[in-house]
Amino acid sequence: MEVVPAAGAEQYPALDFANSALALPGGQYLDLLGEPGSASRWLAAHDLAPEDAGLREMCAAQLRALREQIRALLAARVDGMPAPAGALVAVNDALTRTPTAALLRWDPVRGLHREATHPVTRIVDHALAVLAANAADLLTGEDAERLAACGSPPCNRYLLRTHARRHWCSTRCGDRARAARAYARRKGE
Ligand SMILES: [Zn+2]
C-alpha cells in the first residue's frame with residue numbers, strides 16, 4: 001500500500017515518524033516500525049540509517065516507544081493541554097543520546113580497555129536523537145500553531161495545516177470525510 005505523507009510530514013521527519021503507525025479504514029492497522037526489517041527501511045528512507053543497518057527487535061521497540069511519547073506531546077499541543085511529564089523525559093533522554101562515548105571497562109583477560117558501543121546501537125541512538133530534536137523544534141517553532149490532528153476517522157495522523165480550514169492530512173482523507181458527510185446528509189433527509 002502506498003502511504004502518502006501527511007501535509008507537513010516531508011518538512012518534519014518527526015511528524016512522519018509520529019504518523020508511522022496508521023489506522024486504516026476497515027479497522028486495519030499498519031505499523032511501519034512494526035518489525036526490524038520495516039523499521040530499517042523507514043530509517044533508510046529518511047536518511048537516518050544505511051540500507052543494511054541490521055536493526056534488531058530491541059531497536060524497533062525503542063523507536064516505537066519514542067514515537068508514542070512524541071504522539072503524546074503532539075496530542076497535548078493540539079488540545080492545548082499540559083505536556084505529559086513522561087513524554088518530556090523520554091524526548092530529552094533521546095535528545096542526549098548523542099554523541100556516544102567509548103566507555104572505560106575492565107575484565108580479567110583484557111584489563112582496562114575502552115569499549116565502543118555496537119554500531120547498530122550508535123545508528124539507533126543517532127536516529128532517536130535526530131527525531132527527538134526535530135520533534136522539539138516542531139513543537140516550539142512557529143509551525144506548532146499549524147499542528148492539527150486529521151479529522152477524517154479512523155485516520156490517526158497529525159499534519160500541518162496549510163490554511164485555517166484544512167482538517168485532514170491528505171486528499172484521500174479529505175475525500176473520505178466529504179463522502180461521509182454526503183452519506184450522513186442523505187440518511188438525514
Ligand atoms: Zn488523515
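Reader: Why is the crossing of α3 and α4 called left-handed?

Author: A crossing is left-handed if the near helix is turned anticlockwise from the far one by less than a right angle, and right-handed if clockwise. By that rule α3 and α4 cross in the left-handed sense. The model is predicted: local features need pLDDT of at least 70, side-chain atom pairs count only at pLDDT 80 or more, and totals for chains, interfaces and linings use all residues. Residues are numbered from 1 along each chain as its sequence is written.

Reader: What makes α3 and α4 oblique to each other?

Author: Helix α3 covers residues 57–79 and helix α4 residues 85–95; they pack at about 125°, and their axes are 9 Å apart. The axes are lines fitted to C-alpha atoms over the stretch in contact, and angles run from 0 to 180 degrees between N-to-C directions. Under 35 degrees counts as roughly parallel, over 145 as roughly antiparallel, 65 to 115 as roughly perpendicular, and the rest as oblique. The value of about 125° falls in the rest, so α3 and α4 are oblique.

Reader: How do you know which residues form the contact of α3 with α4?

Author: Two residues are in contact if their C-beta atoms, placed from the backbone, lie within 7 Å. On the α3 side these are L66, Q69, I70, A72 and L73, and on the α4 side A87, A90, V91 and A94. By class, 8 of the contact residues are nonpolar, 1 is polar and none is charged. Here Ala, Val, Leu, Ile, Met, Phe, Trp, Tyr, Cys and Pro are nonpolar, Asp, Glu, Lys and Arg are charged, and the others, Gly among them, are polar.

Reader: Why is α4 called oblique to α5?

Author: Helix α5 spans residues 119–140, and α4 packs on α5 at about 125° with the axes 7 Å apart. That angle makes the pair oblique. The crossing of α4 and α5 is left-handed. V91, A94 and L95 in α4 meet L128, A129, A132, A133, A135 and A136 in α5. This contact divides into 9 nonpolar residues, with no polar and no charged ones.

Reader: What makes D47 exposed?

Author: A residue is buried with 20 or more other C-beta atoms within 10 Å of its own, exposed with 12 or fewer, and partly exposed in between. D47 has 10 such neighbours and is therefore exposed. The residue sits in the loop between α2 (36–45) and α3.

Reader: How do you know whether R77, V78 and D79 are exposed or partly exposed?

Author: The C-beta counts inside 10 Å decide. R77 has 17 neighbours and is partly exposed; V78 has 13 and is partly exposed; D79 has 9 and is exposed.

Reader: Which peptide bond is cis, and how do you know?

Author: The bond joining P153 and P154 is cis, with omega about 0°. P154 is in the loop between β5 (147–149) and β6 (158–160). Most peptide bonds are trans.

Reader: How many helices and strands does the chain have?

Author: There are 6 helices and 6 strands, in the order α-β-β-α-α-α-β-β-α-β-β-α. These are DSSP runs, H or I of at least four residues for helices and E of at least two for strands, numbered from the N terminus. The C-alpha atoms fill a box of roughly 85 × 35 × 25 Å along the principal axes. Of the 189 residues, 30% are buried.

Reader: Where does UniProt place the domain "Zinc finger CGNR"?

Author: The unreviewed UniProt entry lists residues 146–186; such annotations may be inferred rather than shown by experiment. In the model that span is 39% helix and 15% strand, and its end C-alpha atoms lie 33 Å apart.
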